[in-house]
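Trainee: Could you walk me through this one? I'd like to start with the ground rules and then jump around a bit.

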Amino acid sequence: MLRRASTLGVALLACFAFIGVNALPAQAWVPECPIDSECGGGGGGEGGGGTPPTPTYNLQGVIQLEDTGHEGSWPLRQGGIKVRGYSRLATWGNDRVDANYINVRCSATVLSYSTHDYDSENNGALVDVTFWSPTVPVTGVPVQSRTVTINCIHHAEKNGVNYDTTSTAQFIIPE
């Protein structure tokens with residue numbers, strides 16, 4: 001019996017080790033001597049390695065709850081939320097900067113229902129969308145079924161550099 005248990009243990013260990021190795025994310029390493037450079041001393045140049053430069057601007061992605069709304073009366077009361085999502089390009093000192101192009105794309109999902117909204121602008125510092133989530137029954141419904149998940153994708157382009165970020169928030173529709 002002990003031999004059978006140990007054989008099973010070794011087999012499970014080998015199986016988990018194999019699964020763990022296959023589940024690792026891909027890795028990338030910077031070569032010690034890039035192909036297009038002179039490694040070995042030689043003069044001048046700007047050197048290599050080091051920390052890449054910090055992006056000049058900061059793309060801020062924000063989600064705000066603006067309102068809640070209800071339709072009907074007990075026991076058939078339904079509700080939803082009004083949300084604002086926006087993208088804002090700014091300096092690291094938080095001063096607004098006009099982007100060559102800026103956009104925001106948001107979705108609100110509750111249960112299996114969803115709504116989406118999108119806006120974009122050329123030569124602007126801020127772009128926003130304001131929209132209502134789907135309405136769902138709220139009377140006597142558990143919190144999980146009244147929780148709205150908001151996902152936004154933010155993008156801006158300035159001087160040939162792309163800035164991308166995402167934001168996520170959850171709000172509960174009150175009974």
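Predicted model: local features only at pLDDT ≥ 70, side-chain atom pairs only at ≥ 80, totals over all residues.

Mentor: Helices (H or I, at least four residues) and strands (E, at least two) are DSSP runs, numbered from the N terminus. Residues are numbered from 1 along each chain as its sequence is written, and side-chain values use heavy atoms, with hydrogens and water left out.

Trainee: Fine. How many strands does the protein chain have?

Mentor: The protein chain has eight strands, along with one helix. Reading from the N terminus, the order of elements is α-β-β-β-β-β-β-β-β.

Trainee: And what is the mean pLDDT?

Mentor: The mean pLDDT of the protein chain is 78, with 69% of its residues at 70 or more. Over residues 8-45 the pLDDT is below 50, and this stretch has three contacts (heavy atoms within 4.5 Å) beyond near neighbours in sequence. Among contacts in the protein chain with a separation of 6 or more, 61% are between residues 24 or more positions apart.

Trainee: What share of the residues counts as buried?

Mentor: Of the 175 residues, 27% count as buried. Buried means under 20% relative accessible area and exposed over 50%, with partly exposed in between (1.4 Å probe, protein chains only).

Trainee: Which residues touch the most other members of the largest nonpolar core?

Mentor: Those are Ile63, Leu89, Ile102, Val148, Ile150 and Ala156, in a core of 26 residues. A nonpolar core is a set of buried Ala, Val, Leu, Ile, Met, Phe, Trp, Tyr and Cys residues joined through side-chain atoms within 4.5 Å. Strand E1 (58-71), strand E2 (78-90), E3, strand E5 (126-132), E7 and strand E8 (161-172) each supply at least two residues of this core.

Trainee: Which strand gives the most to this core?

Mentor: E3 does, with six residues.

Trainee: Switching topic: which cysteines form a disulfide?

Mentor: Cysteine 106 and cysteine 152 do, with their sulfur atoms 2.0 Å apart. A disulfide here is a pair of cysteine sulfur atoms within 2.5 Å, and by this rule the count is one. The pair links distant parts of the chain, with cysteine 106 in strand E3 (residues 99-110) and cysteine 152 in strand E7 (residues 147-158), 46 residues apart.

Trainee: Why is the disulfide right-handed?

Mentor: The torsion about the S-S bond of cysteine 106 and cysteine 152 is about 110 degrees, so the disulfide is right-handed. Both cysteine 106 and cysteine 152 are buried.

Trainee: Next up, how many salt bridges does the structure hold?

Mentor: There are two salt bridges, each a side-chain nitrogen of Lys or Arg within 4 Å of a carboxyl oxygen of Asp or Glu. Aspartate 128 pairs with arginine 84, the closest N and O atoms being 2.8 Å apart. This pair links distant parts of the chain, aspartate 128 in strand E5 and arginine 84 in strand E2, 44 residues apart.

Trainee: Is arginine 84 buried or exposed?

Mentor: Arginine 84 is buried at a relative accessible area of 18%, whereas aspartate 128 is partly exposed at 28%.

Trainee: And which residue meets arginine 146?

Mentor: The side chain of arginine 146 meets that of glutamate 175 in a salt bridge (3.9 Å, N to O). Arginine 146 lies in the loop between strand E6 (136-137) and E7, and glutamate 175 in the segment after E8, so the pair ties together parts that are 29 residues apart in sequence. Arginine 146 is buried, at 7% relative accessibility, while glutamate 175 is partly exposed at 47%.

Trainee: What is phi of asparagine 94?

Mentor: Phi of asparagine 94 is near 75 degrees, a positive value in a residue other than glycine. Asparagine 94 is found in the loop between E2 and E3, and is partly exposed at 43% relative accessibility. Asparagine 159 has a positive phi too, near 55 degrees; asparagine 159 lies in the loop between E7 and E8 and is exposed, with a relative accessible area of 58%.

Key
pLDDT = per-residue confidence, 0-100.
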